[in-house]
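Subject: Structure for your review

Dear colleague,

Please find below the sequence and structure that I would like to hand over to you.

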Amino acid sequence: MQKKSGEPKKKCKNCEGKGLVKQGDKKMKCQRCGGTGFKS
């Protein structure tokens with residue numbers, strides 16, 4: 001079994017944990033988290 005490593009993942013504040021950011025009428029991958037929704 002794996003032990004829990006460190007602190008839990010924090011949601012990205014730039015995209016509110018969704019991984020996508022609206023830019024005009026397009027949906028772009030969040031640059032801060034790389035589209036995962038979690039801050040690395």
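The paragraphs below describe what was found, beginning with the whole chain and moving on to individual residues.

**The chain as a whole**

Please bear in mind that this is a predicted model. The average pLDDT of the protein chain is 83, and 88% of the residues score at least 70. When the strands are considered, confidence is highest in β3 (residues 26-29), with a mean of 90, and lowest in β4 (residues 38-39), with a mean of 82.

The chain has 40 residues, of which 15% count as buried. Among the contacts with a separation of 6 or more, 27% are between residues 24 or more positions apart.

**The hairpin of β2 and β3**

Strands β2 and β3 pair in the antiparallel sense, and four bridges join them. Within this pairing, Lys22 stands opposite Lys27 in β3. Two residues lie between the strands of the hairpin, and Gly24 takes a positive phi there, near 75°.

For context, most residues other than glycine have a negative phi. Glu16 counts as exposed because its relative accessibility is 55%, and the cut-off for that class is over 50%.

Gly17 also lies in the loop between β1 (10-11) and β2 (20-23). Is Gly17 buried, exposed or partly exposed? Its relative accessibility is 28%, and therefore Gly17 counts as partly exposed. Leaving out residues up to four places away in sequence, Gly17 touches Lys11, Cys12 and Gly37. Gly17 and Lys39 are 22 residues apart in sequence, yet their C-alpha atoms are 8.6 Å apart in space.

**The loop between β3 and β4**

Thr36 lies in the loop between β3 and β4. From C-alpha to C-alpha, Thr36 is 7.7 Å from Gly17, although 19 residues separate the two in sequence. What lies close to the polar side-chain atoms of Thr36? The backbone oxygen of Cys33 is 2.9 Å from a polar atom of this side chain, and the backbone oxygen of Phe38 is 3.1 Å from a polar atom of the side chain of Thr36.

Arg32 is found in the loop between β3 and β4 as well. With a relative accessibility of 61%, Arg32 counts as exposed. If neighbours within four places in sequence are set aside, Arg32 is in contact with Cys12 and Asn14. Arg32 and Gly19 are 13 residues apart in sequence and 9.0 Å apart in space, C-alpha to C-alpha.

**The cysteines**

How many disulfides does the structure hold? It holds zero disulfides. Cys12 is in no disulfide, and the nearest cysteine sulfur, which belongs to Cys15, is 3.8 Å away. For Cys33, the closest cysteine sulfur is in Cys30, at 3.6 Å, which is too far for a bond. The reasoning rests on a cut-off, because a disulfide requires two cysteine sulfur atoms within 2.5 Å.

Cys12 and Cys33 may also be described by their accessibility. Cys12 has a relative accessible area of 3% and is therefore buried. Cys33 counts as buried because its relative accessibility is 11%, and the cut-off for buried is under 20%.

Yours sincerely,

A colleague

Conventions:
Residues are numbered from 1 along each chain as its sequence is written. This is a predicted model: local features need pLDDT of at least 70, side-chain atom pairs count only at pLDDT 80 or more; totals for chains, interfaces and linings use all residues. Side-chain values use heavy atoms; hydrogens and water are left out. Buried means under 20% relative accessible area, exposed over 50%, partly exposed in between (1.4 Å probe, protein chains only). Contact means heavy atoms within 4.5 Å. pLDDT is the predictor's confidence in each residue, from 0 to 100. A polar contact is a pair of N or O atoms within 3.5 Å; within protein, one must be able to donate a hydrogen and the other to accept it, and residues adjacent in sequence count only if both atoms are side-chain atoms. Two strands pair if DSSP finds at least two bridges between them.
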